[in-house]
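Here are my notes on this model, point by point. Please read them with the structure open.

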Amino acid sequence: MISRRALIAAVTLTPMAARASAANTAHEFDFESIDGGRIDLADFAGQPVLIVNTASRCGFTYQYDQLQALYDRYRERGLVVLGIPSDDFNQELADEEAVRHFCEVNFSIDFPMTAISSVRGRDAHPFYAWAMQRTGRGPRWNFHKYLITPEGEVAGSWPSNVEPLSRPIVEAVEASLATG
């Protein structure tokens, strides 16, 4: 028999939150690509994925250089860096084409990026609702990072001020690469 509390929770969940609650791993989510099409996290099964909500007009935008450097250092071993442009903090450009151009011209970004997506609140992409359920931590600002293991679990969550080439992130990436 279903409890009254569970019934109330099920009725009040938004469709995105309901999808997040039902997911077992990150591999059950996909995103719209900045280039059109889909980015299916299941395609990265067996590889660690560093997922970062980004913004073009943020004080942390310089971290794009480090994200690209991390990707360049470990991509041959399987690391994927996935940028999630978001305007949740009112610091992203108007559309995907502007974001893509900004990232290519200013940072030579060649890691995959999604379309502009919400990362918090009722409209958060289901991945973010799931990651927050798993870690108790959600983006409080741009450049929040989640490391997903090759098995699709959350291996780490770091706020904006922890840089991509910092010891905690590099050590977690290397540990995930060793298990992949």
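1. Start with a cut-off. A residue counts as buried when its relative accessible area is under 20%. By that test, 6 of the 6 residues of β4 are buried, so the rest of the structure largely encloses this strand. Cover is found on both faces of β4. Val80, Leu82 and Ile84 are buried on one side. Val81, Gly83 and Pro85 are buried on the other.

2. A word on confidence. This is a predicted model. The average pLDDT of the protein is 90, and 87% of the residues score at least 70. Residues 1-16 have a pLDDT below 50. Beyond near neighbours in sequence, that stretch makes 8 contacts in the model.

3. Next, β3, which spans residues 49-54. Is this strand enclosed or open to the outside? Here 6 of the 6 residues are buried, so β3 too is largely enclosed by the rest of the structure. Side chains in a regular strand alternate between the two faces of the sheet. In β3, one side holds Val49, Ile51 and Asn53, and the other holds Leu50, Val52 and Thr54. Each of these residues is buried, which leaves both faces covered.

4. Now the pairing of β3. Strand β4 (residues 80-85) runs parallel to β3, and 6 bridges join the two. Val52 stands opposite Gly83, and Ile51 has Leu82 as its bridge partner in β4. Strand β5 (residues 145-148) pairs with β3 in the antiparallel sense, over 4 bridges. On that side, the bridge partner of Ile51 is Tyr146.

5. The β5 and β6 pair is antiparallel, with 4 bridges. Within it, Leu147 stands opposite Gly156.

6. Finally, the cores. In soluble globular proteins, nonpolar side chains tend to be buried together. The largest nonpolar core in this model has 28 residues. Leu50, Tyr64, Leu67, Leu70, Phe111, Met113 and Val173 have the most contacts inside it. At least two residues of this core come from each of β3, α3, α4 (96-107) and α6 (167-179). Take Leu67 as an example. Leaving aside neighbours within four places in sequence, Leu67 is in contact with Leu50, Val52, Val81, Phe111, Phe143 and Pro164. A second core is separate and has 21 residues, including Ala26, Phe29, Phe44 and Ile84. Ile84 is also one of the buried residues of β4.

Conventions
Residues numbered from 1 in each chain as written. Predicted model: local features only at pLDDT ≥ 70, side-chain atom pairs only at ≥ 80, totals over all residues. Heavy atoms only, no water. pLDDT = per-residue confidence, 0-100. Contact = heavy atoms within 4.5 Å. Buried < 20%, exposed > 50% of the residue type's maximum accessible area, 1.4 Å probe, protein only. Pairing = 2+ DSSP bridges. Core = buried A, V, L, I, M, F, W, Y, C linked by side-chain atoms within 4.5 Å.
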